[in-house]
Amino acid sequence: MPPEPGETRPWAEQLADDDESYRVQLGYLFERSPFYREKLAAAGLASPKDAGGLDDIARLPLTEKRELKATCTPENPVGAHLCATAAELVRIYSTSGTTGTPSYVPLTADDLHNWVIASARSYGASGIAAGQRIVTTYNAGPFVAGAALAAFERLGLSHVPVGTGNTERLLLAIEHLRPDAAVLTPSYAAYLIESAADRGLDLRGSSVTRVLVAGEPGGGEPAFRAQLEQGWGATVTEAMGIGDIGPSLWGECEAQDGMHLGARGFIHAELIDPESEAPVELDDGAAGELVLTHLRHRAAPLLRFRTRDHVVVRTSPCSCGRTGPRIRCLGRTDDMLIVRGVNVFPSAVREVVSAFAPRVSGHVLVRPQTAGVKQEPPLPVSVELAQDATDDAALAESIRERLRDVLVVQTRVELVPWGSLQRSEYKSRLVERA
Ligand SMILES: [Zn+2]
């Protein structure tokens, strides 16, 4: 879809509007949020005036997911950041917590409406057009991605939902209904190439000309993306959401040079150094953890929420006309390892290894030997060979050297036979601790 008029406004104008929304949002939080009233008071901020505007946002404390969880009670399972009354809520989503208990994400009617606008922009950036047919593996179940379904309607698409975990049904839908596009996790998109081949199908011959990947990092990595584009014979663009903030906030356009903020006007994005928590300017090439603030949220707005996503920023003008900084996600800060002071993302390891295709399958497993972030070199990495490839000491050595040159990390590369690393129909696990 061509950008909406609001998406091509000068970024400075957007920020001026956002500053106004932010001040109103702060007033709302002081009035309605027990969580933020207390948190901001503890930081010496007793009123919205003390907090200032967006230029001063880095003075405010960050919000961690576990802080929110700690305030959940049987009476209020959402947490003390809940601002709306029960009657104001129209939907309550859950995010799949790693701890076992889900986090609840409530929405007012306006919140839901804004989510749909933002999601529609982020998917629309891909170039998909009204009247086209799209097949997705999203469930309309408890997870926030369900809200993206309404975005497809808003875009005027004909949506074929096949749900998760049913490869046969998905491949049949592609064959019978001839969709123009597919929405998948990048892991699943990779899995389907192999899975289709096993059934004697070649996805390059299918009707799908666009693959929109979301749900995990990796879809923006050039070598991995090239592998997906080759296998599908389609253009691959990525989109990204953050469960607690919104289902699809960022989306890449056909220039394929990072994701635009589809949620512009609804959220404010910052970067921090994940270790020191110091702010990082959104300059071209800057990298850091993404921190997001709701600007116009009502049910349970979040302020300076740590997403744990490590991103790199692009600020050069984009040929599509959309303004504002773009991002590419490098990985989860939770997955990050530090080897002799150097940050290593497992997805970056996969990216370097993928460049050795067709001799490797593209599946890797990083195997840290000790608990915690800091690891002693060499870092063990299992690299799966391509289907017909045989073990080759020279190949392992070349991969080891490339990892050292590109990521500045010493590794011990072990080549493993085709099919020995686990495939995922949803998100890939790239790390296995000893
Ligand atoms: Zn663009």
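Begin by selecting Arg306, which counts as buried because its relative accessibility is 5%. This is a predicted model. Glu277 has a relative accessible area of 36%, so it is partly exposed. Now extend the selection to Glu64, Arg66, Glu289 and Arg308; together with Glu277 and Arg306 they form one network of salt bridges that share partners.

How many salt bridges does the count come to? The count is 28. Two others are worth a stop.

Select Lys65 and Asp244, whose side chains meet in a salt bridge at 3.1 Å, N to O. Lys65 is in helix α4 (residues 65-70) and Asp244 in the loop between β7 (235-242) and β8, so the pair links parts of the chain 179 residues apart. Lys65 counts as partly exposed because its relative accessibility is 28%, whereas Asp244, at 14%, counts as buried.

Next, select Arg350 and Glu221. They form a salt bridge in which the closest N and O atoms are 3.9 Å apart. Arg350 lies in helix α10 and Glu221 in the loop between β6 (210-213) and α9 (222-232), so this pair ties together parts that are 129 residues apart in sequence. Are Arg350 and Glu221 buried or exposed? Both are buried.

**The zinc ion**

Select the zinc ion and the residues around it. Which protein atoms are its donors? They are SG of Cys253, NE2 of His260, SG of Cys318 and SG of Cys320, at 2.2 to 2.3 Å from the ion. The angles subtended by the four donor atoms run from 98 to 116°, which makes the arrangement tetrahedral. Along the chain, the donors are spaced as C-x6-H-x57-C-x1-C. Of these, His260 sits in strand β9 (residues 259-261) and Cys318 in the loop between β13 (305-314) and β14 (326-332), so the pair ties together parts 58 residues apart in sequence. His260 and Cys318 are both buried.

**Backbone stops**

Select Gln256, in the loop between β8 (246-252) and β9. Its phi is near 55°, a positive value in a residue other than glycine. Gln256 counts as partly exposed because its relative accessibility is 28%.

Move to Arg304, in the loop between β12 (287-294) and β13. Phi of Arg304 is also positive, near 45°, and this residue is not glycine either. Arg304 has a relative accessible area of 2%, so it is buried.

Then select Ala357 and Pro358, which are joined by a cis peptide bond with omega about 10°. Pro358 is in the loop between α10 (346-354) and β17 (360-366). Another cis peptide bond runs from Pro377 to Pro378, where omega is near -5°. Pro378 belongs to the loop between β18 (374-375) and β19 (379-385).

**A sheet of three strands**

Select strands β16, β15 and β18. They make up an open sheet in the order β16-β15-β18, with mixed pairing. β16 (342-344) and β18 stand at the edges with a single partner strand each, so one side of each is left without a neighbour in the sheet. Strand β15 (residues 337-339) and β18 run parallel and are joined by two bridges. To see a bridge, pick Ile338, whose partner in β18 is Lys374.

**Two buried residues**

Select His363 in strand β17. His363 is buried because its relative accessible area is 16%. Its side chain makes a polar contact with the side chain of Glu194 at 3.4 Å. Beyond its neighbours within four places in sequence, His363 is in contact with residues including Ser382, Val383, Glu384, Leu421 and Arg423.

Finish at Leu171, in helix α7 (residues 167-177). Leu171 counts as buried because its relative accessibility is 4%. What is Leu171 in contact with, leaving aside its neighbours within four places in sequence? Its contacts are Leu192, Ala196, Arg199, Leu201 and Leu203. For a distance check, select Glu153: it is 18 residues from Leu171 in sequence and 23 Å away in space, C-alpha to C-alpha.

How values were computed. Residues numbered from 1 in each chain as written. Predicted model: local features only at pLDDT ≥ 70, side-chain atom pairs only at ≥ 80, totals over all residues. Heavy atoms only, no water. Donors = N, O, S within 2.8 Å, 3.2 Å for Na, K, Ca; no water. Tetrahedral: all angles 85-135°; square planar, octahedral: opposite > 155°, others 65-115°. Helix = DSSP H or I, 4+ residues; strand = E, 2+ residues; numbered from the N terminus. Buried < 20%, exposed > 50% of the residue type's maximum accessible area, 1.4 Å probe, protein only. Contact = heavy atoms within 4.5 Å. Polar contact = N/O pair within 3.5 Å; in protein donor to acceptor, adjacent residues only side chain to side chain. Pairing = 2+ DSSP bridges. Salt bridge = Lys/Arg side-chain N within 4 Å of Asp/Glu carboxyl O.
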